[in-house]
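Welcome! Please take a moment to look over the sequence and the 3D structure before reading on.

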Amino acid sequence: AIRYGIGETLFRFTNNMELEPWLATGYEQLDDYTVKISLRDDVTFHNGKKMTGESVKKCLERLIQMNDRAPSDLNIESIIAQGQNVTIKSKNKVTVLLNSLADPYGCIIDVDEGLHNGVCIGTGPYKGVSADDNSLSGEAYDNYYGGKAKVNKIEVSKITDGDTLTMALQNGEIDATQGLPYSSYNLFEENDQFKISSADTSRVYQVAFNFDTPVLQDLKVRQAICSAIDKDAFCKTLLNGRGTPAVGAFPSNFEFGNNALTGPSFDKEKSKSLLAEAGWIDTDGDGYVDKDGEKLSINWLTYPTRLEQPKLAEYAQATLKDIGIDVQVNNTSDHRTFAENGDFDVYVSSTTTAPTGDPEYFFTSTVVGSKNYGKYQNDEVTKLTEKLHQTFDKDERGKLAVELQQDILDDDAFFFVSHLNMGIVTKSNVKGMAAHPCDYYEITADLDIE
């Protein structure tokens with residue numbers, strides 16, 4: 001609903017992933033656990049009903065009953081509606097409450113109406129006409145508070161085959177697309193009939209080391225693996241330039257991103273030296289290093305849903321062989337079971353590290369939380385994560401996020417390879433459709449076709 005202009009949230013993210021009011025006009029923090037949100041007074045749902053504090057209250061109450069993530073994110077104790085205000089009290093300190101309300105699950109809809117032909121009753125510039133698993137039809141909402149959209153009708157189709165999607169754009173069957181195969185972008189880059197809008201997102205391809213694996217408990221071995229993988233070459237060659245080499249968990253267009261961090265650099269000779277210092281030397285001339293009669297072999301777990309991840313596994317298999325490490329790849333759709341059972345040495349996943357524009361999620365879920373499949377443990381990191389959870393000041397949260405990233409980089413606990421560069425390709429006459437770091441806002445009130 002958010003992506004295609006049907007619905008909107010109380011708050012949204014700027015291109016720098018900073019929070020700003022959307023259906024809200026502002027907020028007042030009453031205490032550490034309570035926030036009062038003021039609402040726009042000129043918003044109506046697509047059925048003509050006015051958006052009020054009471055309708056927002058009903059929507060949020062339904063959200064915490066129906067959604068899987070929202071209850072723990074928001075941890076709402078009570079909601080009070082009064083006119084064009086809602087006061088939310090949480091059992092958590094409200095350090096990231098507003099960010100969570102900007103998550104697409106926080107789309108404000110008329111819950112009394114339910115779905116009409118498969119579409120919710122939202123507040124966006126487009127009113128849903130019908131939807132199913134493969135398509136969505138919408139028309140401009142006459143009474144949109146921001147002014148009626150310039151484009152009268154939208155049709156969104158799901159095309160899962162990359163070649164078919166590419167040809168549909170080339171043949172003029174569609175006006176715009178998101179999700180082209182990386183190999184297809186060069187067909188449109190030098191063509192003045194098309195435009196490409198790109199943005200680095202917080203989705204990152206990352207390697208998590210398993211600290212239960214004896215050989216990986218040696219820092220020098222982890223350092224050797226990290227220094228042997230050329231992130232620049234991977235992005236340029238295998239991702240056709242559609243990925244950005246990563247240093248930490250967040251891209252440089254985030255305030256707490258790559259800019260202030262120091263991570264491993266590509267240096268195969270350094271990798272070989274580190275392995276030798278750790279006692280791993282090729283004693284039998286088979287091309288692989290060994291120690292106490294055992295070849296250095298690692299189990300590389302990944303999955304095929306993201307096409308780039310098997311490519312990364314193949315690339316790592318070849319480059320790590322050059323420094324004497326044998327890589328056995330397990331590319332499986334059942335990766336989560338293997339990860340939860342600890343049945344891997346390195347686990348490569350595609351993770352959205354800041355889905356709500358705030359750094360805390362990555363650390364509380366992946367570094368010290370339930371997705372810490374490698375059993376990484378650092379008391380200072382745990383302490384700083386708890387401090388981040390309790391900190392309100394935005395600048396201080398950013399500093400803590402940088403410090404935490406540097407700590408895990410110094411430990412070589414995770415290795416960050418590439419940030420996903422999300423691109424939207426349109427015909428040259430399409431205006432106002434641009435890639436966004438959070439990938440939420442694709443069809444907006446700014447859309448126009450000349």
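Here is a short tour, grouped by topic.

This is a predicted model, in which local features need pLDDT of at least 70, side-chain atom pairs count only at pLDDT 80 or more, and totals for chains, interfaces and linings use all residues. Residues are numbered from 1 along each chain as its sequence is written, and side-chain values use heavy atoms, leaving out hydrogens and water. Helices (H or I, at least four residues) and strands (E, at least two) are DSSP runs, numbered from the N terminus.

- An open sheet is built from four strands in the order β3-β4-β6-β5, with antiparallel pairing; two strands count as paired if DSSP finds at least two bridges between them.
- The edges belong to β3 (24-31) and β5 (76-82), which have a single partner strand each, so one side of each is left without a neighbour in the sheet.
- From one strand to the next, the twist averages 20 degrees; axes here are lines fitted to C-alpha atoms, for helices over the stretch in contact, and angles run from 0 to 180 degrees between N-to-C directions.
- Five bridges hold the antiparallel pair of β4 (residues 34-39) and β6 (residues 85-90), and Ile37 has Val86 in β6 as its bridge partner.
- Helix α1 (residues 53-66) packs on the sheet, where it touches β4, β5 and β6, and its direction makes about 160 degrees with that of β5. Contact means heavy atoms within 4.5 Å.

**Strand β20 and its partners**

- Strand β20 (residues 414-427) is mostly covered, with 13 of its 14 residues buried. Buried means under 20% relative accessible area, exposed means over 50%, and partly exposed lies in between (1.4 Å probe, protein chains only).
- With β13, strand β20 runs antiparallel over 12 bridges, and Val207 stands opposite Phe415 in β20.

**Helix α13**

- How far apart are the end C-alpha atoms of helix α13 (residues 394-410)? They are 24 Å apart, which agrees with the 24 Å that its 17 residues should span at 1.5 Å a residue; the expected span is 1.5 Å times one less than the number of residues.
- Buried residues of α13 include Leu400, Ala401, Val402 and Leu404.
- The cover over the buried residues of α13 includes α11, α12 (379-390) and β20.

**Aromatic rings**

- The whole structure holds 20 aromatic pairs. Rings of Phe, Tyr and Trp (its six-membered ring) pair if their centres lie within 6.5 Å; planes under 30 degrees apart count as stacked, over 60 as edge-to-face and the rest as tilted.
- Tyr144 and Tyr145 make a tilted pair, 4.5 Å centre to centre with 45 degrees between the planes, and both Tyr144 and Tyr145 are buried.
- The ring centres of Phe250 and Phe363 are 6.1 Å apart and their planes stand at 65 degrees, so the pair is edge-to-face.
- That pair links distant parts of the chain, 113 residues apart: Phe250 is in the loop between β14 (243-245) and α8 (268-277), and Phe363 is in helix α11 (residues 360-367). Phe250 and Phe363 are both buried.
- Ring pairs join Phe250 and Phe363 into a cluster that also includes Phe211, Phe254, Phe256, Phe362, Tyr376, Phe414 and Phe416.

**Charges over rings**

- The charged end of Arg242 sits over the ring of Tyr185, 4.0 Å from its centre. For this, NZ of Lys or CZ of Arg must be within 6 Å of the ring centre and within 35 degrees of the ring normal.
- Over the face of Tyr288 lies Lys295, at 4.8 Å from the ring centre.

**Residues in loops**

- Asn75, in the loop between α2 (70-74) and β5, has a phi near 45 degrees, a positive value in a residue other than glycine. Asn75 is partly exposed at 23% relative accessible area.
- Asp439 has a phi near 65 degrees, also positive in a residue other than glycine, and lies in the loop between β21 (430-431) and β22 (448-449). At 17% relative accessibility, Asp439 counts as buried.
- Asp218 sits in the loop between β13 (194-209) and α6 (219-227), and is partly exposed at 27% relative accessible area.
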